[in-house]
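Here are my notes on this one, in numbered points. Have the structure open while you go through them.

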Amino acid sequence: MAKRKRGRGRDDEQPPVDVGLGATLAHMRDEDVPDSAATTTAAHKTGNDDSDGNDDQGWTVVGGSKRRRKERSPHGRDNGRATSASLSPVHSTGPVNHTDESGDGKERVPQADEKTTLENPFAAKDAHVGSNPFGTHRPGSEPSSENMTRLERRKERKLQRSYPAIEHSHHARLNSHVKITDLQSLVLYLLADGNAPQWVAVRSRTNIQQVVMLMVPGLDMGMFNGEIALDTISQAETPTEGEATEEQADSASSASKVIKLKQLRISSDDFYPVSLKPEKLPPSLKPLSDVFDHVWPIKAIGEHRNNQYMRVHSPIHTMLTSQIPKTQEEKQMKKNGHKGPMPQNSRQWENKRTRITEYIATLMEQQENEYVLHPAMFTTPESKEANFERRKLANQTADDGWVDTNVTSLQDGQVPESDIEQGSITAGRHIISVDCEMCKAEDDQLVLTRISLLNWDGSVALDKLVKPDVTIKDYLTQWSGITAAMLQHVTTTLADIQKELLELITPRTILVGHSLNSDLNALKLTHPFLIDTGILYPHPRGPPYKQSLKWLAQKYLKREVQKGSAGHDSVEDARTCLDLVKQKCEKGPRWGSGDTNAESIFKRLDRSTRPKSNNSHRAGAVIDWGDPNRGHGGQAKVSIGCKTDAEVVEAIDRTMKQQAEGKDGTTDKIDFVWGRLRELEIARGWWDDAKTADVELIRQEALQRLGLSNNGEDAETNVQGAELGDAVSKTVERILQIYDSLPRCTAFIVYSGTGDPREIRRLQAMQQQYRREYATKNWDSLSVKWTDTEVQALSKACQQARNGVGFIVVK
């Protein structure tokens, strides 16, 4: 508290304001300041109020800053575990007014032998001496100083001075939604080599010892903003006996309005978190406000094309799969202005040699990439007839100059295992790499002007110029490399090339190329066994988008092709495609996909060392329903399978106490724990996609245990109202149990993953059925049809399912 000298004037006639300790304490407690008659000191009573003898005359009390007053307000919280009320003195008595027991209201001056005890206004109730009332941990969680050595007490005081926290800064400016990948980046920043987050402030990062992340599917933003009712109106606003009045009886509809006004204002469009205020939460969610300060809107990662969403990525895979950090060489290349994609780094990659037959394009892939389908792709006369009708409408039959290779059925291409050389990736098949150059005819159609074929060993099987039957309007020399002079004396026609190809291509032949559908359209040829490097190395946005051959060569082969203005070289392009396929066979199916630059988060943590630990490496654990070893827990040191949420809570507690046995049979400290609670997800009917029999058995047992199954069959599990509130209350209780079991300085992150996924599953199943039927039936015979209406519905369902919530705290 500060004092300021008043200017002299007529105000000097007023009695000075007391600035003694009692008045100061009263002011700091926001209590009413007594009037001048009651607050004058004993010195004033005895007449010592002349200007020459009173040192404090003419001084006024200057209040604390607005920020300090706000911290002392009754509504202030620190991580929900201490309020400003707990920071006030226990007793209300003070040294300001002393009245005698007669009750006459006269002020009594304390005698000299009386000991007036002043209390610390900043001390919490029942707080330990030396505790930090502004800490982010629960009061009383710090160890007792009675049994601590001097060194331990010193360390404890040092920790209290720099206790860690993860906080939302009100001055932060967010330009986008916080996504699950941002939560992963926060974990990597706390425990590994990640970059500092820009959406939260992390204080004393090095003091955060461990991180526990909990995924709770079923928690929904609508539960916090009132869109999803967790309690009936009667339960939320039931008056006690004698409280009901005529006014309450006459305004029955006003109760719902009152409840609605008490909800948090949060929506899926918000970037910023919302404070968890107990008075604005339903009873089942109120306990969360005792642990967490804010609820964050969290977005799952979705795949879209021009804002038309097609799918939502798994929140588990998104969280537990990390992007491989750039090497120093890559950083230096970027700094030096490297153009094009960075060469693919395979240092952390584990090869998985795969036969080339695994990469043959399926019927669905050929449909998605606009291939003209060979009759052998269809098995029934009806489907063959439907395919022929579609080709007829598109002028792609024999009458239009098209030819089909001599393959009767897909079985004709199979090679007996006894005829395949051991370890051969060609699997006894004949591989031909194809590349064609085209020019533009008068009708703007692309016509064949050059074809190049390469064998598996890279030798040229065929390289010829072709004379089109129509007049060429544009030779497209800058791309095709073809000029009028080159074709002047050429006599080979498309029909001649087709004849040679039909003799060269057998049922055991696999054609390889980049965007091979364009080459086959120019050749007017169909073949069932195709490998397209545009499919093997998919574009991040999915079909029909494809990476260019030049881009793929730069990234995966570290090779420059299609350079200069002389046009493409079809032999060079065919060889590039062949080398890309060979690399894919050596590296494995995941090579060239989105997983090429990704790795398990546990593998990345394993490369990081704990501070002050003799170079011991970080370790992680996965605790989930079923058997996590088969999936996301395969790279974790500790992997524990559970059948109930109670088992998940117990396993996390055991793991944090270093009692969980790792895969190597040892028990050691675990730095990062990922777990999942699923009973709320089951109660809401969101978990209906068990992929294995053992997991399905666990799900059925959970349904019966929760009373949601009827004679082994799934009952209606979309619980609502008070029943849903009970399920949420149980899940929240599990979250608090996990929090209470955590040691100090542990970061605790809870996220819901995604919203309701059922509509997405329904529409995606409908789309799959449509694709299967479309390949075998006429349009009028389809049981389901996939139109723009369904496309829009799927996009809307994906956008809604991307919405989730998250909570962050340091214990």
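1. Start with helix 18, which is mostly covered: six of its eight residues are buried, where buried means under 20% relative accessible area, exposed over 50% and partly exposed in between (1.4 Å probe, protein chains only). The buried ones are Leu516, Asn517, Asp519, Leu520, Ala522 and Leu523. They pack against strand 13, strand 14 (446-455), helix 17 (494-504), strand 17 (509-513), strand 18 and strand 19 (530-532). Contact here means heavy atoms within 4.5 Å. Helices (H or I, at least four residues) and strands (E, at least two) are DSSP runs, numbered from the N terminus.

2. A word on what we're looking at: this is a predicted model, with local features needing pLDDT of at least 70 and side-chain atom pairs counted only at pLDDT 80 or more, while totals for chains, interfaces and linings use all residues. Residues are numbered from 1 along each chain as its sequence is written, and side-chain values use heavy atoms, leaving out hydrogens and water.

3. What comes just after helix 18? There, Lys524 takes a positive phi of about 55°, and this is a residue other than glycine. Lys524 sits in the loop between helix 18 (516-523) and strand 18 (525-526). With 28% relative accessibility, Lys524 counts as partly exposed.

4. Ala427 also deserves a look: its phi is positive, about 55°, although it is not a glycine. You'll find Ala427 in the loop between strand 12 (403-404) and strand 13 (430-441). Is Ala427 buried or exposed? At 4% relative accessibility, Ala427 counts as buried.

5. Strand 17, one of the elements that the buried residues of helix 18 pack against, contains Val512. Val512 is buried, at 0% relative accessible area. Setting aside neighbours within four places in sequence, Val512 is in contact with Ile431, Ile432, Ser433, Val434, Ile531, Cys577 and Val581.

6. On to the helix pairs. Two packed helices are described by the angle between their axes and the distance between the axes. The axes of helix 27 (residues 758-774) and helix 28 (residues 788-801) come within 9 Å and cross at roughly 150°. That makes helix 27 roughly antiparallel to helix 28. Axes are lines fitted to C-alpha atoms, for helices over the stretch in contact, and angles run from 0 to 180 degrees between N-to-C directions. Angles under 35 degrees count as roughly parallel, over 145 as roughly antiparallel, 65 to 115 as roughly perpendicular and the rest as oblique.

7. Which residues make that contact? From helix 27 come Glu759, Ile760, Leu763, Gln764, Met766 and Gln767, and these meet Glu790, Ala793, Leu794, Ala797, Cys798 and Ala801 of helix 28. The residues of this contact split into eight nonpolar, two polar and two charged. For that count, Ala, Val, Leu, Ile, Met, Phe, Trp, Tyr, Cys and Pro are nonpolar, Asp, Glu, Lys and Arg charged, and the others, Gly among them, polar.

8. Next pair: the axes of helix 23 (residues 645-656) and helix 26 (residues 721-741) come within 9 Å and cross at roughly 10°. Helix 23 and helix 26 are therefore roughly parallel to each other. Asp645, Ala646, Val649, Ile652 and Asp653 of helix 23 make the contact with Arg734, Gln737, Ile738 and Ser741 of helix 26. This contact divides into four nonpolar, two polar and three charged residues.

9. Glu681, in helix 24 (residues 679-683), is buried at a relative accessible area of 7%. Apart from neighbours within four places in sequence, Glu681 is in contact with Pro217, Trp686 and Trp687. Pro164 lies in the loop between helix 5 (150-161) and strand 3 (165-167) and is buried, with a relative accessible area of 0%. The C-alpha atoms of Pro164 and Ala747 are separated by 9.0 Å, although these residues are 583 apart along the chain.

10. Finally, the overall picture. The protein chain has 28 helices and 27 strands, and buried residues make up 43% of its 811 residues. Among contacts with a separation of 6 or more, 70% are between residues 24 or more positions apart.
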